[in-house]
Every structure is written in structure tokens, then in C-alpha cells.
Amino acid sequence: MQKSIERIAGDSEGVSYEFPVFRFTGSDKAAPSAYLQAALHAGELPGVVAIDALMPALNKAAAEGRIRGNITIVPWANPIGRAQYHFGEHQGRFHLGTRTNFNRAFPLLAAPDTKLLPDTSFGGADQRLKSRLVQLSLGHDIVLDLHCDDEGLAYLYIHTSLWPAMADCAAAMGVDAVVLWSEDTDGTFEGASIMPYQNVPADVAKFDRRVATTVEYRGILDVDGALAKADADGLYRLLVARGVIADGALPAPGPFKGVVAPLENIDMMPAPRAGAVLYDVKPGDRVIRGDRLATIVHAPGEIDGRTEVFAPQDGIILTRRSRRIIRAGEDLLKLVGDRKSADARSGTLED
């Protein structure tokens with residue numbers, strides 16, 4: 001294993017950011033390669049500790065000569081967001097200078113060619129970071145972007161062109177659900193990982209072995225040693241199942257038995273009032289149309305001081321907020337409905 005340090009120039013003299021990159025060289029040039037990154041939203045740490053738990057297994061495989069394909073790992077993908085604090089509170093989701101989500105505005109290339117990357121010489125530090133992450137990941141057959149939600153199940157976002165071919169990956173990782181998407185107009189990292197292969201020859205696209213997904217490792221507070229080990233085991237099983245690592249002791253993944261639904265089926269449930277949220281449901285609960293999902297206490301102690309929110313359709317609760325104060329219009333939860341949402345939102349991932 002080799003470690004290198006990437007440096008990103010800041011937006012003023014004397015300021016720069018750095019992050020480590022770990023590389024394992026495979027023994028078979030024809031084997032699939034893999035790229036893993038975590039904490040693109042810098043406060044989302046389940047993926048960071050999962051990579052930490054995965055590294056001993058990778059080092060062991062390397063020592064035993066079982067790493068067939070190249071592996072690149074970026075455990076802290078966002079040093080800019082990692083350094084952002086405002087009044088003592090960490091702010092790792094949006095760049096404070098541009099107000100842009102760190103998982104937006106990635107370059108969506110027409111082909112997997114780093115020469116097509118935009119010139120960021122006069123751009124901001126966040127654009128330089130995004131360009132470099134795309135450059136590091138481009139060309140890998142497997143690209144995993146490790147995130148988490150507020151409170152939620154473990155689930156994957158997968159482009160429709162890769163499903164059901166990626167069902168083995170979902171099964172290997174042990175996730176509970178898969179959300180399928182088809183269009184990226186916002187420039188997510190996952191979009192930047194799959195879009196360059198949509199209109200190139202089949203021998204370049206290699207869709208028979210391509211993997212690209214945003215991994216949502218439950219909730220932001222699920223930073224736990226046992227969960228990290230379980231997630232690391234899932235990542236290892238995926239790498240073995242896809243031929244990046246050789247390990248005859250592991251059986252092939254079984255069929256995926258979790259929920260699979262298109263992005264258009266998700267109801268985000270915006271809060272009709274501001275106040276304190278009392279949830280009636282938790283991630284994983286099955287609900288039917290008309291079930292009460294939450295009560296918003298907007299005028300405590302007053303008659304009609306509560307507003308109830310009900311399920312618009314049958315489905316599964318995928319996520320909910322980790323904090324209990326909410327503004328009017330903010331989303332309360334993700335309900336994966338059995339049918340298309342009545343107010344299905346255009347675009348790609350909510351993350």
C-alpha cells in the first residue's frame with residue numbers, strides 16, 4: 001500500500017488543503033479496479049470509520065498477494081468542509097464561500113477522459129477539489145461514494161443503466177434499499193462517475209462490470225465500531241464478488257431482498273408548519289396511506305397548536321431528520337412509496 005498527499009490551493013495566499021490517498025496495486029491488469037471515497041459531506045463519518053475498519057483486510061490481502069485489481073481510497077474526501085466551523089458548529093455540507101453543496105457542480109464529462117476536465121485555475125477551492133476527485137476516480141470500474149443520511153436505513157442510489165446488474169453489490173453490502181435514478185442535472189459525484197460512460201463504445205463503458213453508487217450508511221450519529229466493521233465486511237464482500245480481491249473463502253452474494261424503487265416514488269414530506277417534531281414512525285416502518293407520520297407542535301399549549309402529517313401513499317420509511325426542530329417547508333422524512341409520488345421532484349439525488 002502506498003500513501004500520498006493531495007494538496008488543493010485555497011482562495012487566498014498561504015491557504016491550502018490536503019487529504020491522503022491510499023493505493024493498492026493489483027497483480028492482474030485485466031481485473032476490475034475500485035475507487036472508494038468517504039465524507040464528501042465532511043460531517044458524515046460512518047463511511048470514514050468503515051474505511052478505517054476495511055484497511056486491515058486490504059493490507060492482509062495485499063500481503064498475501066490477493067489484490068487483483070488496483071484500489072484507490074480517499075477516506076477524507078473534503079478537507080475544505082472538514083475545516084468549516086461556524087459558531088462552534090461544524091458545517092461540512094455546503095461550501096461557506098459559494099453556498100454550493102459539496103455534492104453538486106461536479107463536471108459531467110462527455111467521455112472518460114481527464115483532458116475534458118475544466119480549467120479550475122481561476123475557480124474556487126471547492127471546484128479544484130471536485131475536479132481532482134473526478135480525476136482520481138475516473139477510469140475505475142467500481143466507484144463508491146460513502147455518505148450517510150440524518151436517521152435512516154442503509155441504502156444505495158444507483159443509475160438505472162446499472163440495475164439490476166448491481167444487485168449483487170447491494171446484496172454483498174447488506175443494504176436495506178436501492179433508489180434508482182436516471183437523470184443528473186446538478187452534477188453529483190455519482191453522476192460524474194457514470195455520465196462519461198453513457199455515450200462511449202461498449203468496450204470502454206464496460207457496463208457488465210461497472211459499479212457507481214452513492215452509499216447512504218444509515219444516520220449521521222451511527223458512528224459505531226460494530227457498524228463500521230459490518231460495513232467494512234460489506235465493502236470487502238463487494239470487492240471480492242466483483243473480482244478486485246481474490247478470496248475463495250467467501251461465498252457469492254445471494255439475491256438482493258431489499259426494497260427497490262425509482263427516485264420518483266419518494267415523497268419527501270415538507271413540513272406544513274414550523275415547530276417541534278413528534279415522529280410516529282421510524283426508518284424501516286411500513287405505512288399505509290393515511291397513517292400519521294408526525295405531529296408538529298407549532299403553538300405549544302394552545303388549542304389547534306398541533307399539525308398532523310399523514311402518509312400520502314403506502315410505502316416504507318427510508319429516513320427521517322435527526323433534529324426535532326423544523327421550519328415550514330423543510331422535509332420531514334423520505335417515504336419510499338409503492339407508486340410514483342404525486343409531487344415527484346425532478347433531478348437526481350436529494351443528498
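S341 is buried, with a relative accessible area of 4%. Buried means under 20% relative accessible area, exposed over 50% and partly exposed in between, with a 1.4 Å probe and protein chains only. The model is predicted: local features need pLDDT of at least 70, side-chain atom pairs count only at pLDDT 80 or more, and totals for chains, interfaces and linings use all residues. Residues are numbered from 1 along each chain as its sequence is written, and side-chain values use heavy atoms, with hydrogens and water left out.

Stay with S341. This serine is found in the segment after β20 (333–337). Helices (H or I, at least four residues) and strands (E, at least two) are DSSP runs, numbered from the N terminus. Two polar contacts involve the S341 side chain. One goes to the side chain of D267, at 2.6 Å. Another goes to the side chain of D343, at 2.7 Å. A polar contact is a pair of N or O atoms within 3.5 Å; within protein, one must be able to donate a hydrogen and the other to accept it, and residues adjacent in sequence count only if both atoms are side-chain atoms. Leaving aside neighbours within four places in sequence, S341 is in contact with E264, N265, I266, D267 and Q313. Contact means heavy atoms within 4.5 Å. L263 lies 78 residues from S341 in sequence, yet the two C-alpha atoms are 9.1 Å apart.

Helix α7 covers residues 225–241, 17 residues in total. From first C-alpha to last it reaches 24 Å, close to the 24 Å expected at 1.5 Å a residue. The expected span is 1.5 Å times one less than the number of residues. At the start of α7, a side-chain oxygen of D224 comes to within 2.9 Å of the backbone nitrogen of A226. After the helix comes G243, with a positive phi near 85°.

Which residues of α7 are buried? They are A228, D231, A232, G234, L235, Y236, L238, L239 and V240. An α-helix has 3.6 residues a turn, so residues three or four places apart point the same way. The cover over the buried residues of α7 includes β3 (34–38), α1 (46–63), β7 (142–149), α4 (167–173) and β11 (211–219).

Helix α3 spans residues 125–137. Its 13 residues should span 18 Å at 1.5 Å a residue, and its end C-alpha atoms are 18 Å apart, which agrees. The helix is mostly covered, with 10 of its 13 residues buried. G139 follows α3, and its phi is positive, near 95°.

Strand β3 holds Q37. Q37 counts as buried, at 0% relative accessibility. Beyond four places in sequence, Q37 touches I51, V74, A77, L133, L144, D145, L146 and F189.

Now the sheet. Four strands form an open sheet in the order β17-β16-β14-β19, with antiparallel pairing. β17 (306–310) and β19 (325–326) stand at the edges with a single partner strand each, so one side of each is left without a neighbour in the sheet. Two strands pair if DSSP finds at least two bridges between them. Four bridges join β14 (residues 275–279) to β16 (residues 292–297). Y279 stands opposite A294 in β16.

Aromatic rings come next. There are four aromatic pairs. Rings of Phe, Tyr and Trp (its six-membered ring) pair if their centres lie within 6.5 Å; planes under 30 degrees apart count as stacked, over 60 as edge-to-face and the rest as tilted. Y155 and Y157 have ring centres 5.4 Å apart and planes at 70°, so the pair is edge-to-face. Y155 is buried at 0% relative accessible area, and Y157 is also buried at 0%. W163 and F256 form an edge-to-face pair too, 6.1 Å centre to centre with 85° between the planes. This pair links distant parts of the chain, 93 residues apart. W163 sits in the loop between β9 (154–159) and α4, and F256 in the loop between α7 and β12 (259–262). Both W163 and F256 are buried. Y35, F106 and F189 form one aromatic cluster.

Last, the cysteines. How many disulfides are there? The count comes to zero, where a disulfide is a pair of cysteine sulfur atoms within 2.5 Å. C148 counts as buried at 1% relative accessibility. C169 is buried as well, with a relative accessible area of 1%.
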